[in-house]
Amino acid sequence: MIFIDINTFFAERAGGIRTYHAAKLEWFARQRRHHYHLVCPGPRHRVRELGPNVTITEVYGPSLGRRDGGYRLMLDYPRVFSLLRELGPDVVEAGDPWLTGLFCLALARPLAPVVSAFYHGDPIRTWVEPWAAAPGRLEAPRRLAASAAARAFYALQRRYRVTMVSSPAMERHLRGRGVDRVACVPFGTDPRFARARRPHAAPGDGARRLLYAGRLGREKGADLLLAALPRLLQDPRVSVTVMGRGELEEAFAAFAHPRYRFAGFVADRGEVARVFGEHDVMLAPGPHETFGLSVLEALEAGLAVVGPDAGGTAERLRALDDPFLFRAGDVDDFVRATFRAAAADPEAAARQAARAAAAYPSWDAAVGRMVEVYESVAEAAEAERQPESLLTHA
């Protein structure tokens, strides 16, 4: 089979989406049954062959700015269309719902038996609903506009042959909005994070090292963390490391305290795992995660994780016996949950985290399962087309 992934959000300096595609690139490079092509934006057209059956094709897309994590806006869709006609793919996966999703629904469907969407984020709950709920004189019209946007968005989502999600929470969310063709395949684990695990200090002794690792955007709860930092650092045992880049990067870089370190963006996955292993508590305040990949990585590394009672993060943490959850968006409750995690027995938290992480497959198994789902969907699509072909010839 020939697979083409089209994703505006793939970038060399991105986070979870880059991890997802890196796992797919590695999986396809180790086998010879399928051909895999990743199409993403870049400064110019460029083709990189990573193996006899694995290719990355960059098409022109202007930069969205350094503060936006190195992302680009894909614009050269005519070249993408030419590639689709040339390759005749069996599966086309849209990795973002905006221009790529519309392009695939309008132009890729006649060229591929299976056009799918991977639901990396929920734009309605992440962006549209908070915009509509903001106080002000225009709140009522905004809510009406948001309701119309949601109806249109989920109606488009129903047009894909299948929508791939990484968590049962997102599957339930989409099915509740009438998107019935959904397949759930959880993300995988990375052994580098498990190897980074280290012994922790006894409860009540020593420092507690807190870590945030992710995009520094409001949708990730980074504004909540920024508001909480001075209060967290009032405890002389607490130190905080922030790793990432994005909208609020300058504010985090400018924050100064003897027990605070801003590490910026770290590209090397091995180095990221090492940094995880140096800490005791992961701060994951974002309420809109569809899965919470950094949360799973933190659990692998044996960290206690503080997260909101919403989204994929809550789903990951509720598998624990005693999760450190807080009310999403509530800075006071976030601080309370963080101090509770810092005061907990770190070895007990590490054992609990490792047990929870063990329930997830390796990335190799996760990608293999995704491919199996696509093979099944492609077989069903072919079975549907055969009666149409017979009628045409008759």
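Modeller: A residue is called buried when its relative accessible area is under 20%, exposed when it is over 50%, and partly exposed in between, for a 1.4 Å probe and protein chains only. The model is a predicted one, in which local features need pLDDT of at least 70 and side-chain atom pairs count only at pLDDT 80 or more, whereas totals for chains, interfaces and linings use all residues. Residues are numbered from 1 along each chain as its sequence is written, and side-chain values use heavy atoms, with hydrogens and water left out.

The aromatic contacts come first. Rings of Phe, Tyr and Trp (its six-membered ring) pair if their centres lie within 6.5 Å; planes under 30 degrees apart are stacked, over 60 edge-to-face, and the rest tilted. Over the whole structure, the search returns 17 aromatic pairs. One of them joins Phe-3 and Tyr-374 in an edge-to-face arrangement, with 6.0 Å from centre to centre and 65 degrees between the planes. This pair connects distant parts of the chain, as Phe-3 belongs to strand S1 (residues 2-6) and Tyr-374 to helix H15 (residues 363-393), 371 residues apart. Helices (H or I, at least four residues) and strands (E, at least two) are DSSP runs numbered from the N terminus. Are the two partners buried or exposed? Phe-3 is buried, at a relative accessible area of 3%, and Tyr-374 is buried with a value of 3%.

Another pair consists of Phe-187 and Trp-363, which are tilted: their ring centres are 5.3 Å apart and the planes make an angle of 35 degrees. Phe-187 is in the loop between strand S8 (182-184) and helix H7 (191-195), while Trp-363 is in helix H15, so the contact ties together parts 176 residues apart in sequence. Phe-187 is buried, with 7% relative accessibility, and Trp-363 is likewise buried, at 9%.

Phe-187 and Trp-363 also belong to one aromatic cluster, whose other members are Tyr-20, Phe-118, Phe-291 and Tyr-360. For Phe-291 there is a further contact: the charged end of Arg-316 sits over the ring of Phe-291, at 4.3 Å from the ring centre. A charge is said to sit over a ring if NZ of Lys or CZ of Arg is within 6 Å of the ring centre and within 35 degrees of the ring normal.

Helix H15, which holds Trp-363 and Tyr-374, also contains Ala-365. Ala-365 counts as partly exposed, with a relative accessibility of 39%.

Next come some residues elsewhere in the chain. Phe-10 occupies the loop between S1 and H1 and is buried, at 6% relative accessibility. From Phe-10 to Asp-122, 112 residues apart along the chain, the C-alpha atoms are separated by 17 Å. Ala-117 lies in strand S6 (residues 114-118) and is buried, having a relative accessible area of 5%. Between Ala-117 and Thr-8, 109 residues apart in sequence, the C-alpha to C-alpha distance is 13 Å. Pro-346, in helix H14 (residues 346-357), is buried with a value of 8%. The C-alpha atoms of Pro-346 and Gly-302 are 8.7 Å apart, with a sequence separation of 44 residues.

The cysteines complete the account. How many disulfides does a search of the whole structure find? The number is zero, a disulfide being a pair of cysteine sulfur atoms within 2.5 Å. Cys-104 is buried, at 0% relative accessibility, whereas Cys-184 is partly exposed, at 26%.
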